[in-house]
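Me: I would like a close look at one part of this protein. Please keep it brisk.

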Amino acid sequence: MHSVNDSTSNNSSRLAPSSERCIRASLSELRHRQRMLVECDGKSVLLIVTSAGIVALDPTCPHQHVRSLDRGTTDGDTIVCPNHGWTFSLRTGKAIVGSGCIRLYPVHTTDAEAIVELPDERPRWMQY
Ligand code: FES
């Protein structure tokens, strides 16, 4: 089951998994809300609309390994953690202020949807 939270509202969203490893989000709703936090099988994925397109990322900040980037501020293609100001590129995931990197997920768009591909993180022996 997939659910959506938005740090600025409690609106629900139309999300439907196309498979166990994909998240689909309505493009019109995402553009309206500018960001969506999606919970999928215990994993959080933050979708953000940027000037360069839609970015999907793990909202866990590598500084203290806490989910905080869903409350982060964006400026162009960067996101700033609200806790201590570490700043990350939304193009590469690499830290601009601080160290480490955030995890970015591939996003494809259709006319109506943003589709996030989640990696299969099961042990290799379980993937077949
Ligand atoms: S937890 Fe993100 S900068 Fe400290």
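In what sense do strand β2 and strand β14 pair, and over how many bridges?

Reply: This is a predicted model. Strand β2 covers residues 22-26, and strand β14 covers residues 113-117. The two pair in the antiparallel sense, over 5 bridges. Within this pairing, S26 of β2 stands opposite E113 in β14.

Strand β14 also pairs with strand β13, residues 107-109. That pairing is antiparallel too, with 3 bridges. Here T109 stands opposite A114 in β14. β13 and β14 form a hairpin, and 3 residues lie between them. So much for β14 and its partners.

Now the confidence. The average pLDDT of the protein is 85. A score of at least 70 is reached by 84% of the residues. Residues 1-19 are another matter: their pLDDT stays under 50. The model still gives that stretch 38 contacts beyond four places in sequence.

Next, the wider setting. The protein has 14 strands and 1 helix. Of its 128 residues, 25% are buried. Take the contacts with a separation of 6 or more: residues 24 or more positions apart account for 39% of them.

One more strand is worth a look. β11 spans residues 95-97 and includes V97. V97 is exposed because it has 12 other C-beta atoms within 10 Å, and 12 or fewer counts as exposed. V97 touches G85, W86 and T87, leaving aside residues up to four places away in sequence. T87 is 10 residues from V97 along the chain, and their C-alpha atoms are separated by 4.8 Å.

Definitions and conventions. Residues are numbered from 1 along each chain as its sequence is written. This is a predicted model: local features need pLDDT of at least 70, side-chain atom pairs count only at pLDDT 80 or more; totals for chains, interfaces and linings use all residues. Helices (H or I, at least four residues) and strands (E, at least two) are DSSP runs, numbered from the N terminus. A residue is buried if 20 or more other C-beta atoms lie within 10 Å of its own, exposed if 12 or fewer, and partly exposed in between; C-beta atoms are placed from the backbone. Two residues are in contact if their C-beta atoms, placed from the backbone, lie within 7 Å. pLDDT is the predictor's confidence in each residue, from 0 to 100. Two strands pair if DSSP finds at least two bridges between them.
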